[in-house]
Amino acid sequence: MSLRTRLALIFGLGSGALIAAAGLAFVWQLHTSLNAALDRELRVRADALAARLASGPLPAGSPAGTEQAGSHAGQFPASDQVAQVLTWGERVRYSSGIESSRPLLSRAQLRKVVAGKPLTLMSVVEGEWMRMLASRVPARPHPVVTVVGVPSAIADAALARARLALVIGGPLAMLAAGLGGWLLTGAALRPVGRMRRRLAEITSRDTAARLPVPGTGDEIAALAVTMNSLLDRLQLAMARQRAFTADAGHELRTPLTALKAELELAARPGNTRAALAAAVGAAASDTDRLIRLAEELLLLARTDEGTAVLVREPAEMSTELRAAAHRFAAAAASRGVALSVRADGQLPVMADPGRVRQALDNLIDNAVRHAPAGTAVEITGRLAAPRNGGGQRQMVTVEVRDHGPGFPAEFLPHAFERFQRADPARSRADGGAGLGLAIVASIASAHGGQAGAGNHPGGGALVRIELPLDSGQ
């Protein structure tokens with residue numbers, strides 16, 4: 001069942017229930033009002049009959065109203081006058097407006113009235129429904145019971161017409177309400193239908209397509225804006241995925257081509273042992289590069305999916321910084337670059353030591369490769385104030401600075417993007433695949449930290465990572 005049908009049914013049924021409740025309340029109120037009007041008339045007639053009894057005896061069989069005197073004389077039409085005066089022994093002393101001489105009250109009803117309680121009842125008198133009032137009246141020589149009645153046909157007819165109008169008009173009004181709900185819901189959901197059809201037309205080749213935003217400024221327009229924002233994010237993600245795939249393919253193609261060429265060269269007949277050993281060594285180097293590149297791509301993919309597994313354990317960053325500097329001491333010395341480490345005491349973190357070492361190695365390797373001969377690469381570790389106020393955890397900041405030319409200004413906004421190089425002219429063997437800083441940022445983010453890059457005011461590139469301080473140590 002469609003949403004439009006459900007809403008129309010709910011609207012129709014709700015309207016029907018409201019109409020039924022209001023109609024029943026109206027019929028009940030009408031019934032009460034008509035009975036109250038009849039009761040007022042009955043009381044007036046009973047008072048007139050009691051006044052006539054007090055003035056003297058009534059003639060047997062005379063109309064109760066034709067011999068009335070005083071203010072009540074001629075008040076009731078002769079056709080509507082139904083009256084009886086009964087003794088406590090059930091004898092009819094006076095009867096008017098009816099041909100039968102039988103008492104209008106049963107013995108049980110008469111006893112109730114004799115006990116002093118007026119009685120209002122409905123009864124059929126000579127084939128006509130009457131509303132009657134029976135009252136005890138003190139009279140001479142003995143108290144009597146007066147019974148007066150008025151026809152209820154007019155009141156019954158009014159009630160019947162009201163019930164008929166409710167029975168016929170109620171369902172018609174409910175159907176009209178349901179039809180109105182159907183039409184209004186259709187008009188309200190028409191933009192949703194257009195959005196649905198437009199979404200069905202959008203394909204992976206048409207990523208720039210967007211939904212039409214109605215100018216109503218309501219929730220449906222807000223939904224269209226939200227959906228367009230989602231499509232923007234999906235388009236950006238697909239563009240990044242395609243770029244990542246293309247760049248990864250491009251990066252993998254170069255070492256694979258070189259590996260193939262080296263293997264073909266080694267397979268040629270007549271190669272000397274030295275040439276064969278050189279070809280195998282070059283192939284092994286390209287294979288190592290392929291393995292390293294594949295591992296880096298796998299790490300980035302797992303980080304994107306949120307499935308990167310970190311084996312956290314207590315680590316001390318001052319020790320890790322000195323160990324990293326020791327690992328690159330020989331490479332730095334071969335380039336004429338000095339390494340210096342400065343750490344402010346104990347810097348405990350809860351982190352994956354293997355991933356932290358990978359991030360430090362990437363930072364130091366980049367700095368050493370870009371530092372001019374005769375300069376130094378400075379590695380600093382310190383405690384930093386919590387980001388965004390005192391509500392955040394305190395961080396351990398590691399900074400690696402070289403004294404080279406620094407990052408180009410246009411490169412800084414893209415420093416941690418994949419396959420980005422500060423100097424595109426560098427060869428891949430010299431500049432890497434452009435994944436080092438991206439991996440650093442991914443490792444920092446996985447630990448709840450962040451990475452940043454810039455140029456030092458005194459010259460050279462400055463890259464930092466922040467990791468949460470292990471406050472439990």
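Biologist: Which helix holds Leu175?

Modeller: This is a predicted model, where local features need pLDDT of at least 70, side-chain atom pairs count only at pLDDT 80 or more, and totals for chains, interfaces and linings use all residues. Residues are numbered from 1 along each chain as its sequence is written, and side-chain values use heavy atoms, leaving out hydrogens and water. Helices (H or I, at least four residues) and strands (E, at least two) are DSSP runs, numbered from the N terminus. Leu175 sits within residues 153-201, which is helix 3.

Biologist: Is Leu175 buried or exposed?

Modeller: Buried means under 20% relative accessible area, exposed over 50%, and partly exposed in between (1.4 Å probe, protein chains only). Leu175 has 59% relative accessibility, so Leu175 counts as exposed.

Biologist: How many salt bridges does a search of the whole structure find?

Modeller: Side chains of opposite charge can pair when their charged atoms come close. A salt bridge needs a side-chain nitrogen of Lys or Arg within 4 Å of a carboxyl oxygen of Asp or Glu. Searching the whole structure gives eight.

Biologist: Which residue forms a salt bridge with Asp39?

Modeller: The closest N and O atoms of this pair are 2.7 Å apart, and both residues are buried. Asp39 is in helix 1 (residues 3-55) and its partner is in strand 4 (residues 128-137), so the pair ties together parts 92 residues apart in sequence. The partner is Arg131.

Biologist: Is Glu320 buried or exposed?

Modeller: Glu320 forms a salt bridge with Arg357 (3.1 Å, N to O). With 10% relative accessibility, Glu320 counts as buried.
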